[in-house]
Amino acid sequence: MTQSVVVQVGQCGNQVGCRFWDLALREHAHVNKKGLYDEALSSFFRNMILWKVPHATVCAGLILTHLNPQAVLVDMEEGVVNEILQGPLREMFDSTQLLTDVSGSGNNWAVGHMTYGSAYREQIVDKLRKAAEHCDCLQCFFLIHSMGGGTGSGLGTRVLSLLEEEFPEVCRIVTSIYPSAEDDVITSPYNSVLAMRELTEHADCVLPVENQSLVDIVDKIKHMSHGGKPGSAIKRDSTIISGQGGLSGTEKPFDAMNNIVANLLLNITSSARFEGSLNMDLNEIAMNLVPFPRLHYLVPSLTPLYTLADVSVPTRRLDQMFSDAFSKDHQLIRADPKHSLYLACALMVRGNVQVSDLRRNIERLKPLLPFVSWNQEGWKTSLCSVPPVGHSHALLALANNTCVKLTFMELRERFIRLYRKKAHLHHYLHVDGMEQSCFSEAISSLSSLIEEYQHLDATKGTLMPDAPRLRIAR
Amino acid sequence: MSIVTVQLGQCGNQVGHELFDIICSDALEGQRKVYSTASCERFFHQTTHGDLVARAVLIDMEPKVINQSISRAAKSGRWRYGESSHFSQKQGSGNNWANGYCVHGPRHRAVVEELVRREVERCDRLAGLMAMMSVAGGTGSGVGTYATQCLRDIYPKSFILNHLTWPYGTGEVIVQNYNSVLTLAHLYQLSDAILVHENDTVHRICSQLLNIKHISFGDVNGVIAHQLGSILQPALTADSHGVYSRNPLGELVSALTCHPEYKLLSVCTIPQMPSSSMAYSTFSWPSLLKHLRQMLISNTKMEEGIDWQVRPPAGSERARSFTGPSFNTSLANLLILRGKEVYSAETDGFEDPALYTSWLSSEEAFNLWKSPVPFNKYEKCATLVSNSQALLRPLDNMVGKAWNMFASRAYIHQYVKFGISEEDFLDSFTSLEQVISSYSQLS
C-alpha cells in the first residue's frame with residue numbers, strides 16, 4: 001500500500017483540505033467497522049503510537065485514537081489554520097505539520113512566491129521531509145490551493161517547485177481552484193497566470209476546478225432538494241456536497257462547494273486504497289492521461305450528485321450515471337468536453353459495477369465523443385468495489401480534453417485587460433526578485449500552451465490517414 | 001512431471017487462481033484415481049498433512065491482488081498457495097512497461113529467481129514453466145517479460161510457455177498497445193510458445209453462450225481457466241504409449257511451434273454452456289468436431305455465428321489475399337478430446353491437407369490427444385489449440401494502433417523516463433511486422 005501526503009496552502013487550500021480530512025474519516029469509518037487501523041487508512045493516516053495524548057475521538061463508531069493525517073498545512077495568515085486547530089479535528093494534527101505567519105500575502109503572487117517562498121524555504125522543506133519520512137512508500141503529493149489569491153497561488157506554486165526539487169520521483173497531483181470572472185480579487189488574473197506557468201512546468205497533473213462550476217452544482221442540488229417533484233426527495237447524507245456524518249457539526253459557508261472538491265480527491269484515490277477487480281494506482285493516472293508532458297490538465301467530473309431518498313423509486317440507472325459524466329453540468333470547470341477533442345479519458349468507477357456494464361457504456365458513448373486520431377480508443381478504466389458513503393455506485397471521469405483551452409483563453413483575456421493598462425503592476429514589481437520579465441514569460445507560457453491545444457483541435461473531425469507501416473523486405 | 005506456474009501482475013494472479021481452482025476440483029472429482037494422481041502431481045505439491053499446495057509463484061508490484069488470491073485459495077479448503085511463494089512490493093508499475101522491465105524487473109530479480117528455484121526443486125521432474133500475464137499493463141507485461149528472460153537464462157533446456165491475456169480492443173489501459181507491442185516482440189525471442197486469450201472473445205462467450213447478464217472479470221477469468229485447464233490436464237498422446245503423457249509442455253511445443261517465426265497459439269473450446277443447461281444437453285463427437293472444424297476454418301472463436309460458407313480452397317488454386325474472405329490457414333493444430341466414448345471420435349476432417357500450409361504434411365501438422373475422463377463437468381469436451389492465422393487480424397490491429405500513436409510520439413516521454421528509447425520501440429515494431437508478414441504468407 002502506498003502513502004500520499006496532502007499539502008494544503010492558503011485559505012482556500014486549507015478549507016478544502018479540512019473538508020477532505022473530515023470526509024475521509026467518514027468514509028473509512030463507514031467501511032472499517034472494527035475501528036482498527038488498516039491498510040486503507042494507512043494511505044492517508046499515520047497510526048500514532050502511545051506517546052500521543054490518548055484522547056479517543058469517535059467518528060461514527062471509528063475510534064480515532066491516534067490517527068495523524070499525512071499532511072502539511074501552510075498559510076501566511078493564521079485564521080483558517082487556527083479554526084482547524086479549534087475544531088473537532090484538532091486532536092489529529094500536530095504543530096510540526098503547520099506553517100503559519102500573521103500578515104498574509106495581500107493577494108499578491110509575488111509576495112507569496114518570492115518573499116515568503118524564500119523566507120520559509122528551509123522550514124517548508126523540513127516539514128515536507130518529515131512527512132515523507134513517516135511514509136513507508138510515498139507515491140504521491142496532493143497539493144491543494146487556489147489560483148486567484150497570494151498565498152495559495154504564489155507560495156503554493158513555490159512549494160510545488162520545491163517538491164519537484166526535493167522529491168523528483170514522487171508524483172505531484174495539483175488541485176487548483178480557478179477564480180470565476182466575478183472574483184472579488186482584482187488581481188486574480190495576474191496571480192492565476194503567474195501560477196499557471198509554474199503548474200505547466202512543475203506539476204505531473206493538474207485537476208482544474210472553477211469556483212463557478214461548484215456554485216452551479218450546489219445550486220442544482222439545493223434546487224432538487226427544495227423544489228422538485230414528489231418522490232424526488234434526496235437521501236440526506238448522499239449528496240456530494242454534504243458533510244453529514246462527519247465530525248464537524250454545523251456547516252460553514254463554503255463547505256458545500258469544498259465538499260465537492262474533497263469528494264473528487266476521495267474518488268481519485270479510492271482504487272489505490274480499496275480493492276477492486278481492476279485496480280488503478282495513482283501513478284497510472286499520469287501515465288495514461290498525459291501524452292505530452294505539458295498537456296497535463298485533466299477536467300474532472302463527478303456523478304452522481306445525489307441519491308434519491310425514496311427507495312421504491314428505481315435507483316437512477318447505471319447507464320444514466322455514465323451519460324451524466326459527460327454532460328456539461330457535471331464538469332468541475334465550465335466547459336463542454338463533448339464539443340472539444342478528447343486526448344484521453346479515465347473512468348474510475350466505484351461500487352457494485354461489473355466490467356460488462358463498463359464495456360456497454362463505453363461502446364454506447366464512444367461514437368458521441370470526438371477522440372484524437374491516434375487515440376481512438378483512449379479509455380483508461382478502473383473498478384473499485386467500495387462505493388462512497390450514501391451511494392451504491394459512483395463515477396469519476398478525468399478527461400484530457402482541449403476544452404480547457406477555453407478556460408485558459410478567458411484567463412488570458414482578463415490578464416491582458418489589466419496588463420495592457422499596467423494596472424496594479426507596481427505592487428508586484430516592488431517585491432524583491434520580481435521583474436517585468438516574469439509577467440511576459442508567464443503570459444507567453446500560457447499562450448504557447450493554448451496554441452498546443454489549438455494545434456490538436458485543428459485535427460478534430462479531419463480524417464487522419466494511418467501512418468504508413470514499416471515494410472518488411474522478403 | 002510437473003509444471004511450475006509463475007503468476008505475474010493483477011491479471012496473471014487472478015486468472016492463475018481460477019486455473020488452480022478448476023484443476024483442483026476437476027482432479028478431485030469422482031473416482032478417477034490415475035487421472036487424479038497425474039493431475040495433482042502435475043500442478044500440486046502434497047504436504048505431509050495431505051494439503052495440496054499449488055506449484056506456483058505469485059508476483060506483483062502491489063499487494064492487494066496477491067493477498068486476495070491467497071486468501072480465496074485458502075478459503076476453498078481444498079488447496080492453497082505456498083506460504084512464502086509470493087513476492088509483492090508496495091507500489092505498482094503504473095501501467096508502464098519500461099518501469100516494469102527496466103526498474104522493477106532487475107531490482108527484484110534475485111528474489112523472483114529464488115522463489116521459482118524453490119518450486120522447481122520441489123518437483124521430481126520438471127515438465128516446464130508457464131508464465132501467466134496480461135500484455136496491457138505494466139507489471140504483467142514489463143516485469144513478466146523480464147522474468148521470462150531470467151528464467152530462460154537459468155533454465156535453457158526447459159520448456160517455457162507464456163499464457164497472455166490480450167485486453168479489450170476498446171481499451172482498458174490507454175497505452176495498452178505500446179505495452180503489448182513491447183511484450184510480444186521480446187517474448188518472441190524467449191518463449192517456446194505463446195498461448196493467447198483475448199478479453200473480447202471471452203467476453204462474447206460469457207454473454208452469448210453462457211448467458212451471463214452482468215459479466216464480471218471473475219466470469220471472464222473462469223472461461224479462460226476452463227479452456228487452459230482443458231489443455232493442461234493429463235491426456236493420452238501419440239507418444240505417451242497408453243499412459244497419461246508426462247511431458248505435456250514439450251509435446252505441445254513440438255506439435256505446434258516447430259518454426260521460430262510462428263509461435264502464436266489460439267484456443268477454442270466447445271461446448272461452452274451455462275451449467276444449468278448441461279443436464280439437458282447431449283453431445284455427439286461428430287457434431288462437436290464438425291463445428292470445431294468450421295470454427296477453425298472460418299476463424300470464428302466461438303460456437304455461434306459460424307460462417308458455414310467458408311470452405312477450404314479446392315486443389316491447386318491457393319490464391320488468397322490477406323484481407324479477403326476469411327479462410328484461416330493453419331500451420332499446425334492440436335486437438336484435445338476429453339470425455340465419454342472419446343475413442344470413437346473421428347477426426348479425419350482435421351487431417352485435410354487443404355487446411356494447412358503447403359510446406360508441412362498434414363500428418364505432421366495435425367496432433368491428437370485424448371482422455372476418457374470428462375473434464376470440469378462437461379460430458380464431452382473438445383479443445384483445439386491452433387497455430388494459425390487466427391490471431392493475425394487482432395495482432396495487426398494492435399500494431400497498427402500502436403504505430404499511429406507512435407507516429408505522433410504520444411506518451412513516449414513516459415517510457416524514455418525509465419530507460420526505453422525510440423530505437424527500442426522501432427526494434428519491437430520491426431519484429432512484429434516480421435511476425436505479421438510470416439503469418440500472412442501462410443496462405
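Predicted model: local features only at pLDDT ≥ 70, side-chain atom pairs only at ≥ 80, totals over all residues.
Local features were taken at pLDDT of at least 70 and side-chain atom pairs at pLDDT 80 or more, while totals for chains, interfaces and linings use all residues. Residues are numbered from 1 along each chain as its sequence is written, chains are lettered from A and ligands numbered from 1 in the order in which they are written, and side-chain values use heavy atoms, without hydrogens and water.

Helices (H or I, at least four residues) and strands (E, at least two) are DSSP runs, numbered from the N terminus. Two strands pair if DSSP finds at least two bridges between them. In chain B, 10 strands form an open sheet with mixed pairing. Their order is 5-4-1-6-7-8-9-12-10-11. The edges are strand 5 (86-88) and strand 11 (366-371) of chain B. Each has a single partner strand, so one side of each lacks a neighbour in the sheet.

B:Trp166 lies opposite B:Glu198 of strand 8. Strand 4 (residues 56-60) of chain B contains B:Ala56. The relative accessibility of B:Ala56 is 0%, so this residue is buried (under 20% relative accessible area; exposed is over 50% and partly exposed in between, with a 1.4 Å probe and protein chains only). B:Ala56 and B:Ile3 are 53 residues apart along the chain, and 8.7 Å separates their C-alpha atoms.

Chain A has an open sheet of 4 strands, also with mixed pairing, in the order 11-14-12-13. Strand 11 (299-303) and strand 13 of chain A are at its edges. Each pairs with a single strand, so one side of each is left without a neighbour in the sheet. The twist here averages 15 degrees from one strand to the next. Strand 11 of chain A is antiparallel to strand 14 (residues 393-401) of chain A, with 5 bridges between them. A:Val299 has A:Ala399 of strand 14 as its bridge partner.

Strand 10 (residues 205-210) of chain A is largely enclosed by the rest of the structure, because 6 of its 6 residues are buried. In a regular strand, side chains alternate between the two faces of the sheet. Both faces of strand 10 of chain A are covered. A:Cys205, A:Leu207 and A:Val209 are buried on one side, and A:Val206, A:Pro208 and A:Glu210 on the other. Strand 9 (residues 171-178) of chain A runs parallel to strand 10, joined by 6 bridges. A:Val174 is the bridge partner of A:Val206 in strand 10.

Cavities and pockets were located on a 1 Å grid over the protein atoms alone. A cavity is a set of points where a 1.4 Å probe fits but cannot get out. A pocket is an open set with protein on both sides within 12 Å along at least five of seven lines. Lining residues have an atom within 4 Å of a point. Grid points are joined across faces, edges and corners, and a volume is the space filled by probe spheres set on the points.

The count is 9 cavities of 30 Å³ or more. The largest cavity has a volume of about 520 Å³. Its lining has 38 residues, with A:Leu278, B:Gln10, B:Cys11, B:Ser134 and B:Gly137 nearest the centre. Helix 1 of chain B gives the most, 5 residues. The lining comprises 12 nonpolar, 19 polar and 7 charged residues (Ala, Val, Leu, Ile, Met, Phe, Trp, Tyr, Cys and Pro count as nonpolar, Asp, Glu, Lys and Arg as charged, and the others, Gly among them, as polar).

The largest pocket holds about 1100 Å³ of space. It is lined by 37 residues, and A:Pro168, A:Glu169, A:Val170, B:Lys417 and B:Phe418 are closest to its centre. Helix 4 of chain B supplies the largest share of the lining, 4 residues. By class, the pocket lining has 13 nonpolar, 15 polar and 9 charged residues.

A:Cys345 is buried, at 0% relative accessibility. B:Cys102 is in no disulfide either, with the nearest cysteine sulfur, that of B:Cys150, 13 Å away. B:Cys102 is partly exposed, at 27% relative accessible area.

Methods
Disulfide = S-S within 2.5 Å. Axes fitted to C-alpha atoms, helices over the stretch in contact; angles between N-to-C directions.
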